[in-house]
Amino acid sequence: MQASRVVLGLGGCVDYELKLTAGVLEKLIIEYGVVAAELSVAPHAVTGERDLLVSILGYLSRGAGGEHFVASAPALSDFAGRFPHRETLGGTSVRAGLLMSRLGVPSTLHLVSVNDTFRRLLPAGTEWVDSGGADTFYPHLIVQYHRGLRIRANDLDLHAPFPNRLIYVNDPANADMRLTDDLGDRLSAAEVFLISGFNAMRSAPELEARLAELKRHMRRLPAGAVTYFEDAAYHRPDFSRRVRAALLPDIDVYGLNEDELQSYLNRPVDLLDPADVAAALTAIHELIPVPTLVLHTKYWALALGAGDYTEAVENGIVMAATRYAHGDDFTLPDVERLRGRPRRPASVTFAAALRDRLGDMVRCVPGFELDIPDPTTVGLGDTFVGGFLAALAASREDNR
């Protein structure tokens, strides 16, 4: 077994990525008889393609992102088949690892599912371990839409105010989230450990068993290792509290985005209002009392609490912005050119005002001024995490 300084877990997948188009959506709205009143309340369960359509339209109308379990796996493939789509690799740990590899920071991926498609798409030389006993293939549906997408059918007249992405999943392997027997051995040499993926679990007894097992493995982490936990939308929302209760004592950095922040607080947050964000940060830090809380949004990203993670936050926001502008095919020269682009003026003003309110306990990095007609909205949070961890791993190497 090769020891790695960076271990990224806990699961990954193949994604079907597609971009919504008005013509197909309008045809489906008419075919299924969807009306505007249905969008005010999200479906309690996405059991088929009609529920999937209603869910997507509700998010699109708000410009929001999200993730959901879908009871019908055929509904995912049926919907994907209506649009041009491509196969990519997904999961926070996988996308973060691919970005880190491109930046010259090696890691080991802990996976729960592999297949021929996954192996074909994974870059040569990527180190990975798999807890599954046999190949499995449970593709996730990743839906992108651009700002300004206009949908008019029946009594619906929708206009997407922001670009965003949605994730729909029926994945027994990630729902099971089995861990490799040698995870503790691998963690014994790690300086950085990423935890993500528990949001896909659906069985309470299995969740408790996996959390206890993970904590046993994590006892092997060296003193001084940094454990980063990236939040997500839980398929069973009550599981979020269970995961936090089990793992918060062992987490150094806890990351989340604006959708997750607002979901926890059960209210909208004006992301360019320093007073509103300061109040939200106080409330979320009481709910999630970790040494460092990282919040990444479309306007800025910040670290709140102990330690100076400014360089890591900056690298995360640069990498996410580069992906937003150039997609999967961005190059290192693209990264360097983007670093020189101007920041969004409203975000610069916001960051300074937030610093005046909260002082040295917050390090807020403003986002870039980007006017991209056809941006990539998939994997931005994952890319932020990869950029953050790449900078963190590099700084620890420099301090050796």
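How are H10 and H11 oriented to each other?

Reply: This is a predicted model. H10 and H11 are roughly perpendicular to each other. Helix H10 covers residues 258–265 and helix H11 covers residues 274–287, and the two pack at an angle of about 75°. Their axes are 10 Å apart. On the H10 side the contact is made by Leu261, Tyr264 and Leu265, which meet Ala280, Ala283, Ile284 and Leu287 of H11. Sorted by class, the contact of H10 with H11 has seven nonpolar residues and no polar or charged ones.

Two further helix pairs can be described in the same terms, since two packed helices are characterised by the angle between their axes and the distance between the axes. Both of these pairs involve H2.

In the pair of H1 and H2, helix H1 spans residues 22–32, and the packing angle is about 125° with the axes 11 Å apart. H1 and H2 are therefore oblique to each other. The crossing of H1 past H2 is left-handed. Leu25, Leu28, Ile29 and Tyr32 come from H1, and they meet Glu49, Arg50, Leu53, Leu57 and Leu60 in H2. The contact of H1 with H2 divides into seven nonpolar, no polar and two charged residues.

Helix H2, residues 49–62, also packs with helix H3, residues 73–80. Here the angle is about 65° and the axes are 9 Å apart. H2 and H3 cross in a right-handed manner. From H2, the contact uses Glu49, Leu52 and Ile56; from H3, it uses Ala75, Asp78 and Phe79. The classes in the contact of H2 with H3 are four nonpolar, no polar and two charged residues. Glu49 of H2 takes part in the contact with H3 and in the contact with H1.

H4 gives the most, with five residues. By class, the lining of the second largest pocket has six nonpolar, three polar and five charged residues.

The peptide bond from Gly9 to Leu10 is cis, with omega near 20°. Leu10 sits in the loop that runs between strand S1 (6–8) and strand S2 (13–19). Asn154 is not a glycine, yet its phi is positive, at about 50°. The loop that holds Asn154 is the one between strand S8 (150–153) and strand S9 (156–159).

Technical notes:
Residues numbered from 1 in each chain as written. Predicted model: local features only at pLDDT ≥ 70, side-chain atom pairs only at ≥ 80, totals over all residues. Heavy atoms only, no water. Axes fitted to C-alpha atoms, helices over the stretch in contact; angles between N-to-C directions. Helix = DSSP H or I, 4+ residues; strand = E, 2+ residues; numbered from the N terminus. Parallel < 35°, antiparallel > 145°, perpendicular 65-115°, else oblique. Contact = heavy atoms within 4.5 Å. Nonpolar A, V, L, I, M, F, W, Y, C, P; charged D, E, K, R; others polar. Left-handed = near helix turned anticlockwise from the far one by under 90°.
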